[in-house]
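Here are my notes for a colleague opening this model for the first time. Please keep the structure in view while reading them.

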Amino acid sequence: MSHFYITTPIYYINAEPHLGHAYTTMVADAIARSRRLMGDDVFFLTGTDEHGQKVERAAQKAGVPTHEFADRIAGRYQALFRVLDISNDDFIRTTEPRHIRAAQELWRRVRDRGYLYKSSYEGWYCTVDELFVPEAQLIDGTRCPTCGNAVERLSEQSYFFQLSRFQEPLLDLYRSNPEFITPEIRRNEMVAFVSAGLRDLSVSRTSFKWGIPVPEDPEHVMYVWFDALTNYLTAVGYPDDEPRFSRYWPADIHLMGKEIVRQHTVYWPAFLMAAGLDLPRRVIGHGWWLMNEAKMSKSLGNVVQPQGYVDRFGVDALRYFVLREMVVGQDANFADDTFLARYNADLANDLGNAVSRITTMIQRYCGGVVPEPSAAVPGPPDVELIRSADETIRRAKHAAGMFDLSSALREIWSLIAAVNRYVVTREPWVLARSPESRELLDTTLYNAADVLRIVAALVEPVMPSTTGRILKMLGAAGETWAGLKPGTLKAGATLGPIEPLFPRMEHTVDELRRMADTGAAAPISADASSSARVAEDKPVVTPSAEGEKITFDDFMKVDLRVAKVLAAEKVPNSRKLVKLSIDAGTEQRTLVAGIAEAYEPEQLVGRTIVMVFNLKPAKLMGIESNGMVLAASPDGGKPTLVGFDAEVPPGTRVR
Ligand SMILES: [Zn+2]
């Protein structure tokens with residue numbers, strides 16, 4: 001068994017957690033979960049960075065003792081990670097005794113090997129904020145970016161780390177191990193940075209106390225990075241637990257946002273080389289989430305709070321969106337309309353409907369028991385589907401192995417499309433009508449359910465609870481990726497209760513925007529009873545108001561599609577309404593139509609109709625109708641369904 005150690009950065013507790021922290025942690029979680037499914041012994045670490053003057057001052061401002069403030073913010077991170085279904089094996093806090101011991105031990109090693117010296121640190125100091133301000137952050141080169149007051153030149157005693165000695169060793173490292181920094185653009189930046197020359201690094205302070213005391217010189221506390229980066233050693237047992245340390249160190253992946261790649265690929269390997277310890281294998285710097293093309297930041301007021309999305313759409317929808325949308329290394333835009341479109345198209349429509357239509361047919365045609373496939377009947381569609389499943393397993397595993405979860409998801413979604421096509425080709429609802437096609441029906445539903453099982457297993461790193469829900473509906477057990485292959489779903493298993501995985505959402509983008517602003521959930525707009533379009537006694541097609549003209553764009557908003565009626569029955573206690581189960585190509589739906597006076601239910605089954613596909617659901621006589629059937633409704637006459645003079649497959653768009 002191979003060991004796999006992955007870390008997120010430890011998050012600095014001077015601010016509340018937001019989407020950026022959530023994203024890094026969700027990516028690390030998906031990688032950790034995929035490794036566990038591949039059979040690795042995984043150690044997944046996250047945590048909080050709690051030292052430094054900014055924390056001390058934030059606590060003073062909040063009027064609480066610093067350690068209490070640290071407990072509070074660290075608690076918020078832990079709570080958020082529970083909400084996000086993060087499977088970390090440890091949560092490290094740099095104020096813990098185990099970490100203080102580790103940082104002091106690393107300091108001694110580096111010092112004893114001759115890489116630390118004492119000198120004076122000179123910089124720009126703000127006496128109002130009592131902070132050194134990096135020169136690059138000064139306003140007009142003279143004023144503090146926080147309070148606007150003039151800064152002054154000040155110097156204090158400090159320990160320095162001889163970073164300047166590591167220019168060649170670092171360039172050697174980047175050359176001999178090109179994958180050490182991923183993606184390549186970050187690597188090129190670091191090569192340029194180091195090639196320009198390195199200055200020694202100030203690694204202690206005497207101007208504040210909230211930090212780890214320097215061994216044998218407790219007037220000094222360690223400065224930020226020396227303390228923080230050491231957490232990656234602490235959590236795997238450094239310096240006391242040698243067996244554990246050698247099991248997991250060096251780390252396989254340090255994952256982080258691109259803004260701290262430098263500290264992880266310059267300072268950190270230099271500290272480790274100075275201490276004579278092994279270097280991490282790979283540092284991955286991901287891009288930023290932009291909101292309307294601008295970086296999220298507190299001061300811009302465009303920070304996305306993950307909680308609101310989780311409350312409204314479920315945690316798996318958020319995990320799916322961010323992992324599908326961002327290609328690691330590039331920036332991505334967090335746009336509410338994209339979120340909504342992906343949710344409705346990929347989750348509600350593709351995945352959700354595949355699961356509900358296939359399980360519903362097994363309930364209806366096979367008594368709720370996974371049917372036995374027949375060896376006698378497979379034809380080209382079965383062979384094609386199984387080949388596609390085999391191929392997807394291989395490709396998705398490969399992409400996950402390269403930490404490219406976006407590509408893995410794209411592969412999995414092509415398999416979902418394949419199983420949807422397979423069902424449409426085979427038309428189980430037609431097969432179910434004649435006893436002689438029983439074997440083909442059983443084989444079809446078995447293969448479709450078997451592919452759903454594979455889809456469920458493959459999405460597990462990204463959507464762990466969705467996996468559990470799909471498998472429960474199929475009456476199947478969880479499995480690792482090692483033996484994952486088509487044809488191993490257990491026939492004869494009883495299905496669990498069918499539940500909708502991802503109900504369609506009709507939020508407006510404005511509502512989502514408000515959610516992002518407040519972090520609170522918006523009210524549901526898809527209130528079926530209030531948005532009912534078709535009343536019992538109105539004609540099915542309501543003409544638009546007299547003389548009102550709509551634009552071409554208005555018209556294009558109406559999604560008209562061809563569908564096929566699978567089943568029809570009269571709605572009890574209603575003269576006009578009939579309930580239809582229809583196949584819209586990509587999914588099965590229920591519609592209620594006011595055509596019962598013109599058509600008997602038997603006449604409707606198998607008939608091709610035209611429907612408004614993107615109408616908000618409405619409840620009619622207690623039945624939810626998802627869409628509207630088009631019919632001509634002459635005054636005083638009976639409605640006549642819109643039809644075609646040639647065969648048109650379900651799902652075809654009408655324009
Ligand atoms: Zn200031």
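1. Glu 16 is partly exposed, at a relative accessible area of 37%. Bear in mind that this is a predicted model. Which residue does Glu 16 meet in a salt bridge? The partner is Arg 76, with N to O at 2.4 Å. Arg 76 is also partly exposed, with a relative accessible area of 35%.

2. Now place that pair on the chain. Glu 16 sits in the loop between strand 1 (3-12) and helix 1 (19-37). Arg 76 belongs to helix 3 (residues 66-83).

3. A second bridge spans 103 residues. It joins Glu 179 to Arg 282, whose closest N and O atoms are 3.2 Å apart. Both ends lie in loops: Glu 179 between helix 5 (167-176) and strand 7 (181-182), Arg 282 between helix 10 (261-275) and strand 12 (283-286). Is Arg 282 buried or exposed? It counts as buried, because its relative accessibility of 16% falls under the 20% limit.

4. Glu 411 and Arg 395 meet with N to O at 3.7 Å. Glu 411 is in helix 15 (residues 405-426) and Arg 395 in helix 14 (residues 380-401), so the bridge ties together parts 16 residues apart in sequence. Glu 411 is partly exposed at 22% relative accessibility. Arg 395 is partly exposed too, at 37%.

5. These pairs are examples from a longer list. How many salt bridges does the structure hold? The count is 42. Some form a network: Asp 29, Arg 33, Asp 85 and Arg 319 are linked this way.

6. Helix 1 and helix 12 (residues 315-325) have axes 10 Å apart and an angle of about 90 degrees. Helix 1 is therefore roughly perpendicular to helix 12. From helix 1, the contact takes in Leu 19, Tyr 23, Met 26, Val 27, Asp 29, Ala 30 and Arg 33. From helix 12 come Leu 318, Arg 319, Val 322 and Leu 323. What kinds of residue make up this contact? There are 8 nonpolar, 3 charged and no polar ones.

7. Beyond its neighbours within four places in sequence, it touches Leu 19, Tyr 23, Met 26, Trp 289 and Phe 334. Val 322 is also among the residues with the most contacts inside the largest nonpolar core, together with Leu 84, Phe 334, Leu 351 and Trp 413. That core has 109 residues.

8. There is another core to find. It is separate, has 55 residues and includes Trp 107, Phe 161, Tyr 174 and Phe 245. As background, nonpolar side chains tend to be buried together in soluble globular proteins.

9. Last, the overall picture. The protein has 655 residues, and 54% of them count as buried. Its 21 helices and 25 strands belong to a C-alpha trace spanning about 95 × 60 × 40 Å along the principal axes. What share of contacts between residues at least 6 apart joins residues at least 24 apart? The share is 74%.

Methods:
Residues numbered from 1 in each chain as written. Predicted model: local features only at pLDDT ≥ 70, side-chain atom pairs only at ≥ 80, totals over all residues. Heavy atoms only, no water. Core = buried A, V, L, I, M, F, W, Y, C linked by side-chain atoms within 4.5 Å. Buried < 20%, exposed > 50% of the residue type's maximum accessible area, 1.4 Å probe, protein only. Contact = heavy atoms within 4.5 Å. Salt bridge = Lys/Arg side-chain N within 4 Å of Asp/Glu carboxyl O. Helix = DSSP H or I, 4+ residues; strand = E, 2+ residues; numbered from the N terminus. Axes fitted to C-alpha atoms, helices over the stretch in contact; angles between N-to-C directions. Parallel < 35°, antiparallel > 145°, perpendicular 65-115°, else oblique. Nonpolar A, V, L, I, M, F, W, Y, C, P; charged D, E, K, R; others polar.
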